[in-house]
Amino acid sequence: MRKPIFFLFVMACICQLGMAQVRSELLTRDQVGADNLPAEITPIKAPFEMPQLKRPQFPSLQVKVGLRKRDRNRMVTAQIQRAIDQVHGRGGGSVVIPEGEWHTGRLILKSNVNLHIPKGVVLRFSDKVEDYMPAVFTRSAGVEGMSTGAMIYAFRQRNIAVTGQGILYGPNMQSELREKGINYGDFDQHVAYDKPATERFYDLVHQPRVFSPAFIGPVDCRNVLIEGVTLVRSAFWNVVPTYCDSVIIRGVTVNSETPDHIPCGDGMDIESSRNVLIEYCTLETGDDGFTIKAGRGIDGLRVNRPTENVVIRYCLTKTAHGGVTCGSETAGMIRDLYVHDCVFDGSTVGIRFKTRRPRGGGGEDLYYERIRMQNLKGSAIGFDMLGSALYVGSQSARTPMPLNQFTPLYRNIDIRDIVIEGATSFLKVIGIPESPAMNVSISNVTSKTKELMILHDLNHLSLTDCDLSTTGGSQIDILDGRNMTFRNVRFHTPDGQVSMKKGGPLTENNRFINCVPGL
């Protein structure tokens, strides 16, 4: 009898030493984010093949936009656009905005042009739809059409950049641009999916609504750099590369939360793009923070372009629905994502996975490492695959349905070396009965939360070398959860016990090995 007890004691000591080392190695809030941006990009390391991305290079030509004091209360879109067109026509270079506060509509970047917005520059973007016309090809909320595009837009350009330490403001909260935008949940009511995307016009002429513009939104571009700028009060999502390849986003600050809470004010949405590096950014958003997407439902399945090869490192998420979120637009598949050395402080969920039955696609081969989460308002790690009736009606019900092209999945997810300092629960999985979350591995975690776990519709979970403390509950809620292994897990609960609530005919083959207390 003494040998098993001694063995458990030794294993517990080894586990504690390993977790103590992880805690000491994890970066803190004051070591990540835009305030810590280094001058150079260090080599990229990832658990998949990833190119060593480099900043695009620009010719030495520099043109300063000719703006004067008398222009400060006027729209200066034409002057800035003229400078961009001129530099592009001369082979490329930098367009520099002079110090001051200026008002503008949509700006369109061209190949080999760096739009430089230095410190001391404030760009205020227009409230009026007409200042984002004529309609251009765009994708909004995972759906293609002809509409406003983005406030800073580019289409099929190469070697482009937005740089500097200037501040960009979106339209006022009471504005035509916001009032005429299609609400996130209303796209299916407005979009004619039977028409080609280039024949779907949302410009207040052909249709009474518009696609709310992203802040910075290159479409089908290559070699893109967005660095240093601050974005405040977006109309919709903030930084949204769509169908792009080789994108670097670094040192960007986003605030779509205070003092104005922006619904759908996501910080960064990587849409059906590949080879993306995001580093040293700080987000405080009215919706998700760093978000990975790949198209929505029938339109996303038609396009069928994945998001892949994305690295997010040394970033800070403050207020956000999710620190890093995959979905819920997942039609073209999300794969090969690596998030490491980040801090989520004050978000709702830390690591978040979303999708819905009508969305299709899903996510696979997703890696998370060395992440500190603190002061979370929801689950530290959360899977929300059913959604709500508000957006998908009866398909949000936990009633098994036949598999079809619109049934999404999440599988092959590795999460390790995590510290959680305050959340409602450690792990919450709400899968889809006919498409459960699959192959989730979580290891080397120190966690302090109110509750333990909810595991609904999950197949193959490995939870290893974890120290889980709770202040309010000691229950593991399992519903059709199967093939789960808990190994070397120490539970610290108010009553010193752990209980299980089991349900569903598929709940089976769940093992607890060297856990304290034992189950």
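Hi everyone, let me start with a pair of residues: Glu434 and Arg357 are both buried. Their side chains meet in a salt bridge, at 2.7 Å from N to O. Glu434 sits in the loop between β29 (425-430) and β30 (437-449), and Arg357 in the loop between β25 and β26 (362-374), so this contact ties together parts that are 77 residues apart in sequence. Please keep in mind throughout that this is a predicted model.

Let's stay with charges for a moment. As a reminder, side chains of opposite charge can pair when their charged atoms come close. How many salt bridges does a search of the whole structure find? The count is 33.

One of them joins Arg250 to Glu279, with the closest N and O atoms 2.8 Å apart. These two come from distant parts of the chain, since Arg250 belongs to strand β15 (residues 245-250) and Glu279 to strand β18 (residues 274-279), 29 residues apart. Arg250 and Glu279 are both buried.

Another salt bridge is a local one. Asp299 pairs with Arg302, the closest N and O atoms being 3.1 Å apart. Both residues are in helix α5 (residues 297-303), three residues apart, which is about one turn of the helix. Arg302 has 45%, so it counts as partly exposed.

There is also a network of salt bridges, and it links Arg222, Asp245, Arg274, Glu308, Arg335, Glu364 and Arg411.

Now to the strands. Strands of a sheet pair through backbone hydrogen bonds, either parallel or antiparallel. I'd like you to look at strand β25 (residues 349-354). Why do I call it largely enclosed by the rest of the structure? Because six of its six residues are buried. Strand β23 (residues 322-326) pairs with β25 in the parallel sense over four bridges, and the bridge partner of Cys326 in β25 is Phe353. β25 also pairs with strand β27 (residues 379-384), again in the parallel sense and over four bridges. There, Phe353 stands opposite Phe383 of β27.

Those two phenylalanines come up again among the rings: Phe353, Tyr368, Phe383 and Tyr410 are linked by ring pairs into a cluster.

Elsewhere, three strands make an open sheet with parallel pairing, in the order β4-β9-β12. The edges are β4 (107-108) and β12 (214-219), each with a single partner strand, so one side of each has no neighbour in the sheet. β4 and strand β9 (residues 150-155) run parallel and are joined by two bridges. If you want to find that contact on screen, the bridge partner of Leu107 in β9 is Ile152.

Next, aromatic pairs. The structure holds 13 of them. In one, the ring centres of Phe48 and Tyr367 are 6.3 Å apart and the planes are at 40 degrees, so the pair is tilted. Phe48 is in the loop between α1 (2-25) and β1 (62-64) while Tyr367 is in strand β26, so this pair ties together parts 319 residues apart in sequence. Phe48 is buried, with a relative accessible area of 11%, whereas Tyr367 is partly exposed at 23%.

A second pair has another geometry. Phe236 and Trp237 have ring centres 4.9 Å apart and planes at 15 degrees, so they are stacked. Phe236 counts as buried at 6% relative accessibility, and Trp237 is buried at 3%.

Last, the cavities. There are three cavities of 30 Å³ or more.

Technical notes
Residues are numbered from 1 along each chain as its sequence is written. This is a predicted model: local features need pLDDT of at least 70, side-chain atom pairs count only at pLDDT 80 or more; totals for chains, interfaces and linings use all residues. Side-chain values use heavy atoms; hydrogens and water are left out. Buried means under 20% relative accessible area, exposed over 50%, partly exposed in between (1.4 Å probe, protein chains only). Two strands pair if DSSP finds at least two bridges between them. On a 1 Å grid over the protein atoms alone, a cavity is a set of points where a 1.4 Å probe fits but cannot get out, and a pocket is an open set with protein on both sides within 12 Å along at least five of seven lines; lining residues have an atom within 4 Å of a point. Grid points are joined across faces, edges and corners, and a volume is the space filled by probe spheres set on the points. A salt bridge is a side-chain nitrogen of Lys or Arg within 4 Å of a carboxyl oxygen of Asp or Glu. Rings of Phe, Tyr and Trp (its six-membered ring) pair if their centres lie within 6.5 Å; planes under 30 degrees apart count as stacked, over 60 as edge-to-face and the rest as tilted.
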